[in-house]
Amino acid sequence: MESIYYVLCWHCHRRCKHCYEDRFRPYIREELVGVVAEAKANAPRVIANLPERLTYREAATEEERAAGSELFIERIGKIILSGGDVLTEPVREAVLYPTLAAIRKKYAAQGGVRVVVQTTGDLLTPTIIRELVDLGVWTISVSGMDDFHVGMEGDKKITLAEKIAAMLEEGGVRKADPLADRHERGIEQGPLYNMFGANEDTWIGKLWPRGRAWENGLSSATLADNFCNAWSGGLNFLDHGFAGSEVSIDPNGDVFPCCIKTAHPLGNLTEEPLLDILESLTGMPAMEAINAGKPERMGLTDGWDRERFFTESQTLTPKGETYANLCIACDKFHKEVLGAALDQRRSERRGKRLSVIASNG
């Protein structure tokens with residue numbers, strides 16, 4: 001894989017009105033104990049079912065070919081550890097740090113791995129920065145630089161960004177090249193940091209029709225905005241051996257083809273290997289449509305032609321306003337048709353595993 005986006009824990013110190021997942025929020029007492037326990041218990045099982053070698057093949061650059069490289073070159077993939085916010089006190093030492101150590105151990109003799117820790121930024125301290133660097137973190141990604149985060153509105157986020165940047169650079173973490181493309185960023189040497197937020201001029205600025213962003217009527221995406229046909233969408237998720245491949249994992253181990261998350265998981269990494277899941281779905285028309293970034297084609301073999309898909313993409317927001325986006329029809333199709341088919345594939349994979357165990361027994 002080129003990238004794995006792993007949401008470690010639902011706990012967050014914020015309840016942002018634009019968040020794509022309403023389970024990202026503060027938890028207290030028994031609820032907090034529960035979400036942290038879930039994350040702590042599942043992380044080792046998820047890591048065990050990640051690919052044994054986290055690399056991908058990418059077309060060599062002109063310079064690499066001139067130096068004698070083959071047409072494709074193997075590069076090191078990355079794992080993005082996110083939340084919620086993984087730097088909150090209940091999560092950081094109990095879940096994040098052991099997970100970082102386990103990931104480093106798993107890939108130490110397998111070519112290595114680039115690990116990104118994503119955080120809103122306001123919880124960073126010199127001590128935490130030093131600990132992250134010591135644990136081999138490649139990039140600290142500050143994701144809260146927008147007006148939706150309380151205390152970061154307007155010029156406040158500029159002041160905070162300058163403070164965070166100074167703290168990171170004093171800790172030996174340098175700014176990633178803002179002009180680099182995804183390929184160039186992927187081969188930069190760490191430790192690095194970057195900053196972004198849900199601003200209008202960014203890829204996430206229109207907001208996914210999900211979670212509190214949806215409930216609060218904040219998504220400005222239209223039918224022309226195809227989130228699937230982009231990085232962190234479903235595009236290329238099946239092509240796990242090559243550039244562009246990424247999947248998203250929830251704290252319970254559920255895996256999805258995109259960070260946006262489909263209405264039904266592909267499988268669960270607490271019980272089966274990621275590559276087994278992806279390979280079992282290769283050739284499935286709906287999955288191939290998502291993989292191609294053409295969600296409107298996912299129902300062609302199930303009675304959902306493109307015209308119906310576009311029609312099903314229309315809805316009303318919780319505020320009663322008209323809205324249309326392909327994610328809406330994708331959700332409906334998963335609930336009405338695809339969810340059952342995915343469960344059937346999951347059952348077939350389980351049957352094969354049990355058969356192998358019985359034959360070796």
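Predicted model: local features only at pLDDT ≥ 70, side-chain atom pairs only at ≥ 80, totals over all residues.
1. Axes are lines fitted to C-alpha atoms, for helices over the stretch in contact, and angles run from 0 to 180 degrees between N-to-C directions. Helices (H or I, at least four residues) and strands (E, at least two) are DSSP runs, numbered from the N terminus.

2. Residues are numbered from 1 along each chain as its sequence is written, and side-chain values use heavy atoms, with hydrogens and water left out.

3. The sheet comes next, where two strands pair if DSSP finds at least two bridges between them. Nine strands form an open sheet with mixed pairing, in the order 7-8-6-5-4-1-9-10-11. Strand 7 (174-175) and strand 11 (267-268) stand at the edges with a single partner strand each, so one side of each has no neighbour in the sheet.

4. Around strand 8 the pairing can be followed residue by residue. Strand 6 (residues 139-142) and strand 8 (residues 192-195) run parallel and are joined by four bridges; T139 has L192 as its bridge partner in strand 8, and I140 stands opposite Y193. Strand 7 also pairs with strand 8 in the parallel sense, over two bridges, with R174 opposite L192. Helix 5 (residues 155-170) lies across strand 6, strand 7 and strand 8, and runs at about 175° to strand 8.

5. Two backbone details deserve a look. The peptide bond from G190 to P191 is cis, with omega near 0°, and P191 belongs to the loop between helix 6 (182-186) and strand 8. S232, although not a glycine, has a positive phi of about 75°, and S232 is placed in the loop between helix 7 and strand 9 (246-249).

6. How many salt bridges does a search of the whole structure find? The search finds 21, a salt bridge being a side-chain nitrogen of Lys or Arg within 4 Å of a carboxyl oxygen of Asp or Glu. In one of them, the side chains of R53 and E74 meet at 3.1 Å, N to O. This pair links distant parts of the chain, 21 residues apart, with R53 in the loop between helix 1 (29-48) and strand 2 (55-59) and E74 in strand 3 (residues 72-76).

7. Two cavities of 30 Å³ or more are found in the whole structure. The largest cavity has a volume of about 140 Å³, and of the 17 residues that line the largest cavity, C228, C258, I260, C327 and C330 are the closest to its centre. Helix 11 (residues 326-360) gives the largest share of this lining, three residues.

8. The second largest cavity holds about 50 Å³ of space, and among the residues that line the second largest cavity are E2, Y56, W138 and R182.

9. The second largest pocket holds about 380 Å³ of space. Of the 20 residues in its lining, the closest to its centre are R210, G211, K261, A263 and D331. Helix 7 (211-215), strand 10 (254-256) and helix 11 each supply at least two residues of the lining of this pocket.

Terms used. Contact = heavy atoms within 4.5 Å. 1 Å grid on protein atoms, 1.4 Å probe; cavity = no way out; pocket = protein on both sides within 12 Å on 5 of 7 lines; lining within 4 Å. Points joined across faces, edges and corners; volume = space filled by probe spheres on them.
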